[in-house]
Amino acid sequence: FSINPGSKTGTIQGTVSGAEFDFTALQTVPCAGTYPGGASISGSALSGTHSGTSVCSGVVNGSFSLAKQ
């Protein structure tokens with residue numbers, strides 16, 4: 001993943017089971033972080049939450065929504 005303006009990058013690995021996506025995002029830049037999370041798939045949309053820790057930021061919680069265009 002990459003978050004604009006390019007402040008954070010890393011990888012996401014996970015599994016899809018039915019309409020659920022369980023994942024772990026591993027941040028590599030600017031410092032190490034691990035963020036497990038889960039999302040629901042509905043049609044062409046994905047929404048979910050993550051909670052984890054970063055060496056730079058400590059505990060980080062968030063939510064997201066993605067839609068195919």
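The model is a predicted one, so local features are taken at pLDDT of at least 70 and side-chain atom pairs only at pLDDT 80 or more, while totals for chains, interfaces and linings use all residues. Residues are numbered from 1 along each chain as its sequence is written, and side-chain values use heavy atoms, with hydrogens and water left out.

Start with the cysteines. With a disulfide taken as a pair of cysteine sulfur atoms within 2.5 Å, the count comes to one. The pair is C31 and C56, whose sulfur atoms sit 2.0 Å apart. C31 is in the loop between β3 (20-29) and β4 (33-42), and C56 is in the loop between β5 (45-54) and β6 (58-67), so the bond ties together parts that are 25 residues apart in sequence. Strands here are DSSP runs (E, at least two residues), numbered from the N terminus. In general terms, a disulfide is a covalent bond between the sulfur atoms of two cysteines. C31 is also buried, at a relative accessible area of 12%; buried means under 20% relative accessible area, using a 1.4 Å probe and protein chains only.

P30 lies in the loop between β3 and β4, and the peptide bond leading from V29 to P30 is cis, with omega near 10°. For background, most peptide bonds are trans.

Next come the strands. Two of them count as paired if DSSP finds at least two bridges between them. β4 and β5 run antiparallel and are joined by eight bridges, with S42 partnered by A45 in β5. These two strands make a hairpin with two residues between them, and G43 in the turn has a positive phi of about 65°. β5 also runs antiparallel to β6, this time with 10 bridges; T49 has S63 in β6 as its bridge partner. Here too there is a hairpin, with three residues between β5 and β6.

That leaves S54, which belongs to strand β5 and is buried at 7% relative accessibility. Its side chain reaches the backbone nitrogen of C56 at 3.1 Å, and a polar atom of the S54 side chain lies 3.4 Å from the backbone nitrogen of S57. Leaving out residues up to four places away in sequence, S54 touches Q27, C31, A32, G33 and Y35, where contact means heavy atoms within 4.5 Å.

Definitions and conventions
Helices (H or I, at least four residues) and strands (E, at least two) are DSSP runs, numbered from the N terminus. Buried means under 20% relative accessible area, exposed over 50%, partly exposed in between (1.4 Å probe, protein chains only). A polar contact is a pair of N or O atoms within 3.5 Å; within protein, one must be able to donate a hydrogen and the other to accept it, and residues adjacent in sequence count only if both atoms are side-chain atoms.
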